[in-house]
Amino acid sequence: MDDRIAALRRAARLDALLGDPYDPANAHGFRSFLAADMEHRPPEAAESLLAEAGLAAEFVPARYGGALTRADLLLRVLRPVFRRDVALGFGCGLTSLFAASAVWAAGTDAQRRSTARLLLDGGRATVAHPGLAPAGGVRRDAFTVRRPAAGGLSLSGRRDVLIDAARADRFVVHARTTADPGARDHSVFLLDPAGLPGGRVHRLPRVATEGLRSAVFSGLRFVNCPLGDDALVGRPGEGATLALRTHQVNRCLVAGAATAAVDPVLRSAVRAATEGRVGPPARRWHRPLAGAFSDLLACDAMATVCLRAMSLLPGRAHVPAVAATYVIPTLLEDALEELCAVLGPGGRRDGGLAHGILAKLGRDLPAAGIGRVGAASCQAVIVPQLSTLAAGSWLAEEEPPPALFRDRADLPPLDHRLLPFAGGRDFLAASLAGSADRLTRGRSAGGRTALLGRLAEEFLGELRVLREQCAALPARSGGALSRPAAAALCDRYALVVTAAAVLGVWEAQEGDAPFLADPDWAVLALSRLGRRLGLRAPDVPDDCVGGVLDELLRRERAGHGLDLDGVPLSL
């Protein structure tokens with residue numbers, strides 16, 4: 001069976017098993033998740049259901065007996081889970097994927113097979129990674145591995161806040177392995193707690209958190225814990241590069257899945273705006289609702305294209321993927337602010353459900369690592385590479401293959417081993433140049449396509465300005481890279497490549513999705529991105545907004561997803 005069709009079927013099965021999230025009697029509905037959040041307890045019924053449904057297989061590569069073939073298909077399977085509860089997504093295995101990613105990327109065959117067996121048998125893994133520091137580079141704290149005079153390896157240190165540390169059957173630990181600070185001062189170790197000597201590893205008490213309150217956060221402490229040489233994942237000193245290589249997949253997945261988490265808020269806003277009305281909502285809500293919908297589609301386009309690139313163009317995907325992780329939370333936060341105004345006090349007519357979901361999202365998204373701290377970490381990765389991109393990639397690199405944007409195109413499987421820890425190439429900037437050129441040559445078509453062409457030219461002009469400004473940045477890390485002006489360049493770059501993703505997805509439509517093939521949604525999405533950049537974006541006609549709004553209303557009434565797929569949901 002085609003991998004895409006198989007993934008969509010598995011996603012539909014999970015959605016059906018979880019049931020109608022708005023049903024008050026559903027043990028896996030929004031009210032149950034809000035109650036679990038309020039009481040700081042895991043939603044055990046939903047966790048058990050997803051475990052029995054085999055969700056863990058989604059995090060294991062197919063060559064080791066799992067269902068993981070491509071990251072963009074994994075995103076589709078995660079949508080039904082994140083649409084209901086972000087914390088459920090982490091508690092039901094996404095944390096295990098984060099831990100296992102280093103093993104998939106650099107582990108021995110024996111390490112990969114043992115990790116695969118563990119997850120497929122229902123086990124859990126957690127990861128104590130150093131994280132990306134806001135000031136640049138990788139945080140270096142918590143754990144240290146030394147080689148005593150008596151020989152062997154010894155692990156010591158503690159980390160107080162790790163998700164699923166209390167329930168994990170494997171630990172993936174990033175630890176300092178040399179006293180000299182530098183790019184190679186950390187290594188990664190795979191540990192089986194059952195095989196460690198008693199009294200040397202301690203699971204610390206659970207920690208209360210502001211976000212993801214139903215997830216289980218606790219700590220780990222190691223005291224001169226002996227390790228076997230076979231615990232090392234990859235080569236000594238490879239910890240920082242492994243973190244950067246795997247973060248591009250994991251964080252982009254979280255950002256893409258977070259887009260699904262905004263679906264119920266937009267759906268509730270539509271219901272609030274149309275309550276008591278036979279026709280569409282009041283005119284004052286047309287642009288906020290249609291705009292938020294176009295933002296979700298833009299976010300989905302950006303995440304999906306970057307995740308597909310990890311299979312098709314692994315050597316060119318690093319910077320765009322980090323940009324996706326950077327820009328999507330900002331777009332989602334802005335959309336949620338607009339929807340707050342639409343919901344107003346009317347959102348309380350559902351017993352406070354919509355406002356409860358909204359408030360929970362406001363706590364969960366930052367805790368998931370895609371809030372302000374996550375943004376600073378992304379800047380630390382992107383900014384040092386901007387001068388290289390400006391000098392050798394932008395407006396010079398060849399366009400990506402059309403298959404990258406075609407939803408039904410077959411792609412190679414994701415291979416974590418091929419992902420670099422940095423990249424001097426940028427397929428989205430190249431795609432923007434090609435899209436703008438084709439739209440310019442086809443401008444005689446007039447109408448919305450001509451309007452989209454004008455928008456594409458504005459973004460291409462912004463890329464040219466960025467190239468000049470980024471070329472002046474220092475090539476190596478330094479004080480200039482941490483200044484606000486450099487961060488602003490990062491902001492602008494992320495918005496430009498998001499526009500490129502939207503254009504690429506729109507161009508790739510092959511007739512089976514009439515709404516996506518129509519330029520209205522792309523025009524509205526690009527105009528909103530352009531407004532954030534301060535571009536001279538042309539006014540979006542009312543009937544263009546109306547076309548997007550009509551599709552939103554149709555999907556809400558039919559119970560279809562508010563993403564690029566728009567598949568029927570259990571509502």
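Predicted model: local features only at pLDDT ≥ 70, side-chain atom pairs only at ≥ 80, totals over all residues.
Trainee: Why does G195 count as exposed?

Mentor: Its relative accessibility is 60%. Exposed means over 50%, so G195 counts as exposed.

Trainee: Which separation is found between the C-alpha atoms of G195 and L227?

Mentor: They are 9.7 Å apart, and the two residues are 32 residues apart along the chain.

Trainee: Now the helices. Why are helix 14 and helix 16 called roughly antiparallel?

Mentor: Take helix 14 (residues 484–507) and helix 16 (residues 520–533): their axes cross at roughly 170 degrees. Angles over 145 degrees count as roughly antiparallel, and therefore these two helices are roughly antiparallel to each other. Their axes also come within 10 Å.

Trainee: Which residues of helix 14 and helix 16 meet?

Mentor: Among them are L495, V502 and W506 in helix 14, and W521, L526 and L529 in helix 16. The residues of this contact divide into 13 nonpolar, 1 polar and 2 charged.

Trainee: What makes a set of residues a nonpolar core?

Mentor: The residues are buried, of nonpolar kinds such as Leu and Trp, and joined through side-chain atoms within 4.5 Å. The largest nonpolar core here has 176 residues. W521 is one of those with the most contacts inside it, and so are L266 and L289. Helix 7 (residues 239–274) gives the most to this core, with 17 residues.

Trainee: Which residues is L289 in contact with, leaving aside its neighbours within four places in sequence?

Mentor: They include L266, A269, V270, L339 and L552. There is also a second, separate core of 19 residues, which includes A128, L153, A165 and L220.

Key: Residues numbered from 1 in each chain as written. Heavy atoms only, no water. Buried < 20%, exposed > 50% of the residue type's maximum accessible area, 1.4 Å probe, protein only. Axes fitted to C-alpha atoms, helices over the stretch in contact; angles between N-to-C directions. Helix = DSSP H or I, 4+ residues; strand = E, 2+ residues; numbered from the N terminus. Parallel < 35°, antiparallel > 145°, perpendicular 65-115°, else oblique. Contact = heavy atoms within 4.5 Å. Nonpolar A, V, L, I, M, F, W, Y, C, P; charged D, E, K, R; others polar.
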